[in-house]
Amino acid sequence: MAADTNAIKTFGAFYQEFCVQLKININKDVLEILEKTFKSGTFTLHLPGNGGRRAQRLEDEDVLVLSKCLQNDGRVTGLDVSYNNISDGGAKHLADALQLSSSALKSLNLKFNNIQADGAEFLANSLKSNSSLLSLSLSGNQFGDRGGVSMSRMLQVNSTLRMLQLSDCNLVTAQMQPSASGFSVMSFLLPPQADRSVAALGAALNRNTALQALDISRPLLFSRQEEWAVHFSQMLTVNCSLLELHLGRMGLTDSGMETLAEGLTQNRSLRYLDLRCNRVTRDGARHLAEVLKQSRTLEIIDLSSNRIEDEGAAHLSEAMATPGCSLKELSVCRNCIRTEGLLSLAQAVKHNQSLTHIYVWGNRLDEPVCQAFSELISSGRLLPEHTDVSPYQVDGRLFLAQVFQGLRKQICCVDRDHKRT
């Protein structure tokens, strides 16, 4: 233990020395964490700015010192600096560190900082030559179209990155066209020749064979034509590495679902499809059901907060009953499903032994539905920890209470040893 303590104190000493050398004030929170982190071997350094205690959030100058320290200690292979005040300057410091041949970082979490297009471009350019980083999270940084295009160009070259999170980054789905009465106010938010970063990311994955998880949820929606769905459908027909795709809040309609389904039916790798908070109705659910009848890899689908109703639930139930259906986990929370549709889903769970998780809260849970799900749970067919409802009785009547459980957020991750799971 003494040897490990001295080692981590050396890292803390490096931090203090660089602060003095660069004439930067010591961040007491950072120093405290460095002094308390006693671990042998490689580890992730956690410095998020949203801790429960009152924290002094990291600025660009703090990142400069940390990047210098990382160059002197290869045991830190993961860095979590999410929810801080890091801007383009801090991103540049980290990009410089990633370009060094000695870089040991395998995971970098920069969620919800203040990184703009220049910072995203710095990081993307560094990853064109970096061969160590496996996971990069930039969700919640408003770098927009130019930053998204920089990431797409990086994916055409990089052959190491496994996970890329770009949700809530103001990515652009399409260029806004002028209407007959003139230009929309929203059209002025885009340059005259928008690069449509969402489509560019889809196109980049036609050739990238390394990335396994991509999250582009909640882009800026400037068109109802869903051109991005065409690019992603084409990508899915040829891509053989992507295991997880998050398309939440994309404005996806039944027409876009039909387009995506064309690619999904030919895809042989995707396991997790996130379609939450879109505009999919019964017809879109029918297209998705046809995918499930043919797919032998798709295991997890998140359809929460759409509007598939009873007919959509029936389509999915029919697909789940198809021999060879690979679906294991399904969320249809908040989909305006009533008794008939929920009973069909319960019946599908009863007969399809491969499906182990189902989440239905936020629909119409009448007494027959309560009875059906209570029987699934009491019989052991549906484990209590694999659903979001729990049966209880009042005055001899059966009800379902909400349990705050849901689909896992991701299946691809970098574990403590930085191996793919």
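Predicted model: local features only at pLDDT ≥ 70, side-chain atom pairs only at ≥ 80, totals over all residues.
The strands form an open sheet of 11 members, arranged in the order S1-S2-S3-S4-S5-S6-S7-S8-S9-S10-S11 with parallel pairing. At its edges lie strand S1 (43-46) and strand S11 (357-359), each of which pairs on one side only. Between neighbouring strands of this sheet, the average turn is 5°, with direction ignored. In general, the strands of a sheet pair through backbone hydrogen bonds, in either a parallel or an antiparallel manner.

One of the pairings within the sheet involves strand S7 (residues 244-246) and strand S8 (residues 272-274), which run parallel and are joined by 3 bridges. Within this pairing, leucine 245 has leucine 273 of S8 as its bridge partner.

Attention then turns to charged side chains. Side chains of opposite charge can pair when their charged atoms come close. Across the whole structure, 15 salt bridges were found. One of these connects arginine 276 with aspartate 274, with the closest N and O atoms 2.8 Å apart. Aspartate 274 has a relative accessible area of 1% and is therefore classed as buried, the limit being under 20%. Arginine 276, in contrast, is partly exposed, at 25% relative accessibility. Aspartate 274 also falls within the residue range of strand S8, given as 272-274.

Two further salt bridges lie within helices. In helix H4 (residues 88-98), aspartate 96 and lysine 92 are 4 residues apart, so that about one helical turn separates them. These two residues form a salt bridge in which the closest N and O atoms are 3.1 Å apart. Both partners are partly exposed: aspartate 96 has a relative accessibility of 33%, and lysine 92 has a relative accessible area of 32%.

In helix H10 (residues 282-294), glutamate 290 and lysine 293 are 3 residues apart, which corresponds to about one turn of the helix. The salt bridge between glutamate 290 and lysine 293 brings the closest N and O atoms to 3.2 Å. Glutamate 290 is partly exposed at 37% relative accessibility, and lysine 293 is likewise partly exposed, with a relative accessible area of 22%.

Salt bridges also occur in a linked arrangement, in which Asp118, Glu121 and Arg146 are connected in a network.

Notes
Residues numbered from 1 in each chain as written. Heavy atoms only, no water. Pairing = 2+ DSSP bridges. Helix = DSSP H or I, 4+ residues; strand = E, 2+ residues; numbered from the N terminus. Axes fitted to C-alpha atoms, helices over the stretch in contact; angles between N-to-C directions. Salt bridge = Lys/Arg side-chain N within 4 Å of Asp/Glu carboxyl O. Buried < 20%, exposed > 50% of the residue type's maximum accessible area, 1.4 Å probe, protein only.
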